[in-house]
Amino acid sequence: MSCSADAVKDKLLWNVKKEVKQIMEEAVTRKFVHEDSSHIIALCGVVEACLLHMLKRRAAGFLRTDKVAALFTKVGKTCAIAGDVCKKVQELQQQVESRKNQPNGQEPLKRQGSTTSKTPVLTPQAIKHIWVRTALIEKVLDKIVQYIVDNCSKYYEKEALLADPVCGPILASLLVGPCALEYTKLKTADHYWTDPSADELVQRHRIHGAHGRQDSPSKRPALGIRKRHSSGSTSEDRFAASAREYVESLHQNSRTHLLYGKNNVLVQPKDDLEAIPGYLSLHQSADSLTLKWTPNQLMNGTLGDSELEKSVYWDYALIVPLSQIVCIHCHQQPESRWTLVLVSQDGTQRPPLHFPQGGHLLAFLSCLENGLLPRGQLEPPLWSQQGKGKVFPKLRKRNSNKSVDLEEMPAEDTSTDYVFRIIYPGHKHDNNTSEMIEMQGFGANLLSWQLEHCSQGSSCISCSMGSSPYDIPSCCTCIHDRTPLKMLCESMKRQIISRAFYGWLAHCRHLSTVRTHLSALVNHSIVPPDRPACAAAGLTKELWSKYQKDRKNYKELELLRRVYYGGVQHEIRKEVWPFLLGHYKFGMAKKEMDQVDADIALRYQKVMAEWKACEVIVKQREKESHSATLAKFSSGSSIDSHVQRLIHRDSTISNDVFISVDETEPVEQDPKGQEEPALTAPPAAAEFDSPDSGLPSSRNYSVASGVLSSIDDGQGGSFEDGPEEEGSAGQRAQPGLLQPQDSVPEEQPGSQLGSQDYLVDVASVCAASYTIELLDTVALNLHRIDKDVQRCDRNYWYFTAENLEKLRNVMCSYVWEHLEVGYVQGMCDLLAPLMVILDNDQLAYSCFSHLMKRMSQNFPNGGAMDTHFANMRSLIQILDSELFELMHQNGDYTHFYFCYRWFLLDFKRELLYEDVFTVWEVIWAAKHISSEHFVLFIALALVEVYREIIRDNNMDFTDIIKFFNEMAEHHDAAEILRIARDLVYKVQTLIENK
């Protein structure tokens, strides 16, 4: 029963920690927290759950339904701070009630009469949590909770969370941070826009993914909805909310300026449909100009109940970036309506826009001309006429240099068609644009605003006798009817051929780049998943037993192929992993495997005896250093500045790769060293050399003399400087060099060095000399290992105190053999899964040593990490250039630093423990099947799984780090591995040019 109660308390505290983390992250990224933020509501909800945990009925009130209100009221009688909150809440509740009861017509009058006292507008969620929310915004919630904890016996049962001597103060401490933040009511440009969590982004993507995506420029793009909704909202409500947000974006806002807006502009989306009225708007942002047309049905917000009706109207909506438009055709209809047609760079026409009667088209062109400045302009420009403003350019007859105003010309001579070009002076595409316009029959000398309609029509003899479409006599003022169409066809033919050629050329260059940069990332031979048999089931127990009985008939490649495509059955992982990591070789006989195990056992026992003997000396030096420091303090003299500098240097030395979120308690010492101080400054004790310091002088230490003297002195006195010690030490050892003189006797694995007899035995058989530098290095690494071992996967069932000690022994043994690298944070993360599966010290030590041959290059002393980042850039440029461009534009995080932890730990912290086993064994098998760099493709698969979310939300570097941190242990490992294998196959196929 007590275990379940503790689990409930831990769950409640974990929820509070999660929400506090969210609200503090929002405060850091946004510099403030709005009072309407959903993070505040979520935090209030989890705090209320803690306050209501095992609350006494007397404190909660017998007849009151709002137990939180009853608790605050009761506490407010004895706590002045809580009493002030009660008064504040009562005032807010009265204002909310008066607002509900007040008629709608009187509210504006009251606002006009009184500007000082505005009734606060609280959401239903805010009213639900009004007590905790008010205390939080008033910055006194932590003080009230601390008061309740101090007087918990009045309000709670003994087993309650707030009555717990540990959990209660922790809860009060967690609320100190949120109570120190500034909460604002200011309506900024995006005060409703929050940074949603990763889970919410994934949920939104699933909801809106069903509606499809229109990538065509003429269709409405997918809406990236950022506004938060209540947890009870359905997908229907969210879709309607997205429509409202899209419509709101059509009006003036801080992101874009509304240059023009006109309702009832008609568009005929299809030939078999009637023209639909809609809202035409022209928007200008910092670097672009966009034309939007939205049907009135969407503007009204009444989309109907049918999903089909919604999708149809969204398909009719237009979003046209004017950077893609090169030509604007204006035609006047017989009923004095103007029609506008936009022509893109590729010659395609957008649906015509039919303006109502009046000067609306001229007003639109005027706003467009102003919006294009200063980068672009209309050609020809609109004319300015005194008293009228902007007018269409005047026409000029070809047989006369006299300009004639439109109003002065006869009706039959008035030109009602205009063609405007959008040009960007100095832009590299100007020549191409003008050339295309001329190809379409609107050359510089034949522009429509300079021409009259030919009275002769198509029967003009002088035109028909011309040998070339361009060879038009000067005496004729007409253009042949078929000339523009013929020239347009010729232009399209040239463009199609040109595009085909340049597409083929780009493909050849693409393949050359792939072969040059990516050929080394994959194996050139493709191993299929279905030959000779389907490998999706992986390496099963039955297949493995057959292999063990008949090793000759099962090839290594076939077993690895099954592991690569399907993983290993959990029951046989302990037997298979040593083969995958290289401890055993496939095809080994039983006797050969036993010999390998015996050699590893002997080596492991020898290494462990050596570093444990050195550890005894390190701890002895630590005690002496501590005693000398206490002697300095007791004598009243200050610590030598040199010692202070060395202590400060050691306290700041850290090669931690990650910042630990929750620091653990100081590492507990084993029974023989419980009274010893924590390992603080071994270099200070090592390098300080003063005659009156009481510390050992700078000389070599002997394991034998040091251990024996510590044994003789009982609790460990200082080493004796006698001739026996000098004789045993012999010659000085080289820095960092260990000189064992005798072989180490065989012992059982995992044995401890706690007994006095064992220490004497080690000292007698492993007499070796150590330098000061070696002892300093060992002390520093032992301190780091002890700190990380205690916090390594502490929530996983396997890591009991006994197994943590085994983990420490294996890690110390490996570091002892690689002191030039030392211990780096993250090594325990790589060793832990091996310990869980193998559950054997010696086997885990050997497999970890093989694993670190590859993984050690990812740590700071190696250079593999930069290579991984460069290869990731090459991969994503070739396999997903669109996403690469997006990453380059949004802050340029194509350096891929957010993948650092992925590569360092082989995705160990990104996946669940059970998924880590599968991913690791696939990585080990991929070296022989598809790619030695399979981790790159897993990383790329992780990005590809969420590419739509990254693209729709325009994530920058901070956003993507936050997103993947929150998505840790929530990934679908099977889907990621499938995508990674597909990406490898895609690169292999590109290289083979199939």
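Good morning. Two bridges join strand E3 to strand E9, and the two strands run antiparallel. Helices (H or I, at least four residues) and strands (E, at least two) are DSSP runs, numbered from the N terminus, and two strands pair if DSSP finds at least two bridges between them. What we are viewing is a predicted model, in which local features need pLDDT of at least 70 and side-chain atom pairs count only at pLDDT 80 or more, while totals for chains, interfaces and linings use all residues. Residues are numbered from 1 along each chain as its sequence is written, and side-chain values use heavy atoms, with hydrogens and water left out.

Let me begin with the sheet. Strands of a sheet pair through backbone hydrogen bonds, either parallel or antiparallel. Here, nine strands form an open sheet with antiparallel pairing, in the order E6-E5-E4-E3-E9-E8-E7-E15-E10. Which strands stand at the edges? They are E6 (318–321) and E10 (377–379), each of which pairs on one side only. On average, neighbouring strands of this sheet are turned by 30 degrees against each other, direction ignored. Such angles are taken between axes, which are lines fitted to C-alpha atoms, for helices over the stretch in contact; they run from 0 to 180 degrees between N-to-C directions.

Strand E9 (residues 353–355) pairs with strand E8 (residues 338–344) in the antiparallel sense over three bridges, and the bridge partner of Trp338 is Phe355 in E9.

E7 pairs with E8 in the antiparallel sense over seven bridges, with Val341 in E8 as the bridge partner of His329. E7 also pairs with E15, again in the antiparallel sense, over five bridges, and Ile328 stands opposite Phe420 in E15. Is E7 mostly covered or mostly uncovered? It is mostly covered, as six of its eight residues are buried. Buried means under 20% relative accessible area, exposed means over 50%, and partly exposed lies in between (1.4 Å probe, protein chains only).

Which helix lies across these strands? Helix H16 (residues 360–372) lies across several of them, including strand E3 (257–267), strand E4 (276–284) and strand E7 (325–332), and runs at about 145 degrees to E3.

Just after H8, Lys139 takes a positive phi of about 65 degrees.

Next, the aromatic rings. A pair of aromatic rings is described by the distance of the centres and the angle of the planes. Rings of Phe, Tyr and Trp (its six-membered ring) pair if their centres lie within 6.5 Å; planes under 30 degrees apart count as stacked, over 60 as edge-to-face, and the rest as tilted. By this rule there are 40 aromatic pairs. One of them, Tyr604 with Tyr845, is tilted, with 5.2 Å centre to centre and 45 degrees between the planes. This pair links distant parts of the chain: Tyr604 is in helix H23 (residues 590–634) and Tyr845 in helix H32 (residues 841–855), 241 residues apart. Both Tyr604 and Tyr845 are buried.

Trp902 and Phe964 form an edge-to-face pair, at 5.0 Å centre to centre and 80 degrees between the planes. Trp902 lies in helix H35 (residues 900–905) and Phe964 in helix H39 (residues 957–966), so the pair ties together parts that are 62 residues apart in sequence. Trp902 is buried at a relative accessible area of 2%, and Phe964 is buried at 3%. Ring pairs also link a cluster that includes Trp577, Tyr796, Phe917 and Trp924.

How many disulfides does the structure hold? It holds zero, where a disulfide is a pair of cysteine sulfur atoms within 2.5 Å. For Cys828, the nearest cysteine sulfur, that of Cys792, is 5.1 Å away. Cys828 is buried, at 2% relative accessible area, whereas Cys534 is exposed, at 54%.

Finally, the whole chain. It contains 40 helices and 17 strands, and 46% of its 994 residues count as buried. Thank you.

Definitions and conventions:
Contact = heavy atoms within 4.5 Å.
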